[in-house]
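Please keep the sequence and the coordinates at hand while reading.

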Amino acid sequence: MYSLYNLKKMNTLLAYTTLLAMAFSLVSASDPSPLQDFCVAVNDTHETVFVNGKFCKDPKLATPNDFFFSGLRLPGNTSNKVGSLVTPANVAQIPGLNTLGVSLARVDYAPYGLNPPHIHPRDTEILTLLEGTLYAGFVTSNPENRLFSKVLYKGDVFVFPKGLIHFQLNVGTTKAMAISTLSSQNPGVITIANAVFGSKPAISADVLTKAFQVDKNVVENLQSRF
């Protein structure tokens, strides 16, 4: 009788353990994160096949150059309308980053240069200021749209959470430079003004007039600039 009781108790414990394991499995289950804007499904693989990310080279054929990039050595050319330039170091420049979920970027700013409001759809960003003074910030999602911002000095670090609009403005009279660490091999970037006013084909001016509550000629003027 005693052994039968113990057996029942063990079976009950096993059942609870199994249910708990299933619960944790369901909680943690999800689709893999996308590494590009979209990946359209096809039924016939003879059409065209892409993967979520990049195809992998035979490890035996890998070389040190697959894990190397010298493109961050030199300052970027900031002679443009916004006065900044981002030099990426992601999987497009460093093939060895494929599947590793990390990348870098160098950002150069002319005096009063701006890295305009933008989002990275696939990463959280940590920016480290190495030279100059920046005003940096991000805005939370609706409905609060709360601004978090700081003035950064050499050696300061600021975090931009995944998918939130953020920006940096050089508020100093000298050049500035920062290094961004990004939690994706291909973080992507959507510059808000370019996407809204410079889309191809253009978004209807009627849509933007109502969205921004401005006159139609204001929208058309902005569209002409992008």
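Three salt bridges turn up in a search of the whole structure, a salt bridge being a side-chain nitrogen of Lys or Arg within 4 Å of a carboxyl oxygen of Asp or Glu. The model is predicted, so local features need pLDDT of at least 70 and side-chain atom pairs count only at pLDDT 80 or more, whereas totals for chains, interfaces and linings use all residues. Residues are numbered from 1 along each chain as its sequence is written, and side-chain values use heavy atoms, with hydrogens and water left out.

One of the salt bridges joins the side chains of Lys 57 and Asp 66, at 3.0 Å from N to O. Here buried means under 20% relative accessible area, exposed means over 50%, and partly exposed is in between (1.4 Å probe, protein chains only). Lys 57 is partly exposed at 46%, while Asp 66 is buried at 13%. Another salt bridge is formed by Arg 106 and Asp 108, whose closest N and O atoms are 2.9 Å apart. Arg 106 and Asp 108 are both buried. Asp 206 and Lys 216 also meet through their side chains in a salt bridge, with 3.6 Å between N and O. This pair links distant parts of the chain, 10 residues apart: Asp 206 belongs to helix 3 (residues 205–212) and Lys 216 to helix 4 (residues 216–225). Asp 206 has a relative accessible area of 52% and is exposed; Lys 216, at 38%, is partly exposed.

Next comes the overall layout. The protein chain has four helices and 10 strands. Helices (H or I, at least four residues) and strands (E, at least two) are DSSP runs, numbered from the N terminus. Along the sequence the pattern is α-β-β-β-β-β-β-β-β-β-β-α-α-α. The protein chain has 226 residues, of which 28% count as buried. Taking contact to mean heavy atoms within 4.5 Å, residues 24 or more positions apart account for 69% of the contacts in the protein chain with a separation of 6 or more. The accessible surface of the protein chain is about 15400 Å², and carbon and sulfur atoms hold 63% of that surface; accessible areas come from the Shrake-Rupley method with a 1.4 Å probe, and for residues only the protein chains shown count as cover.

How are the strands arranged? Five strands form an open sheet in the order 6-5-8-3-10, with antiparallel pairing. Strand 6 and strand 10 (190–191) are at the edges with a single partner strand each, so one side of each has no neighbour in the sheet. Two strands pair if DSSP finds at least two bridges between them. Strand 5 runs antiparallel to strand 8 (residues 165–170), joined by six bridges. Within this pairing, Gly 137 stands opposite Phe 167, and the bridge partner of Val 139 is Ile 165. Strand 5 also pairs with strand 6 over six bridges, again in the antiparallel sense. There, Ala 136 has Lys 150 as its bridge partner.

The aromatic rings come next. The whole structure holds six aromatic pairs. Rings of Phe, Tyr and Trp (its six-membered ring) pair if their centres lie within 6.5 Å; planes under 30 degrees apart count as stacked, over 60 as edge-to-face and the rest as tilted. Phe 138 and Phe 148 are stacked, with 5.1 Å from centre to centre and 10° between the planes. Because Phe 138 lies in strand 5 (residues 134–139) and Phe 148 in strand 6 (residues 147–152), the pair ties together parts that are 10 residues apart in sequence. Phe 138 is buried at 10% relative accessibility, whereas Phe 148 is partly exposed at 30%. Phe 138 also pairs with Phe 158: the centres are 6.1 Å apart and the planes at 50°, so this pair is tilted. Phe 158 is in strand 7 (residues 157–160), 20 residues from Phe 138, and is buried at 12%. Phe 138, Phe 148, Phe 158 and Phe 160 form one aromatic cluster.

Phe 158 and Phe 160 lead on to the largest nonpolar core, which has 13 residues; Tyr 109, Leu 127, Leu 134, Leu 152, Phe 158 and Phe 160 touch the most other members. A nonpolar core is a set of buried Ala, Val, Leu, Ile, Met, Phe, Trp, Tyr and Cys residues joined through side-chain atoms within 4.5 Å. Strand 2 (103–109), strand 4 (125–131), strand 5, strand 7 and strand 9 (176–182) give two or more residues to this core. Strand 5 gives the most, with three.
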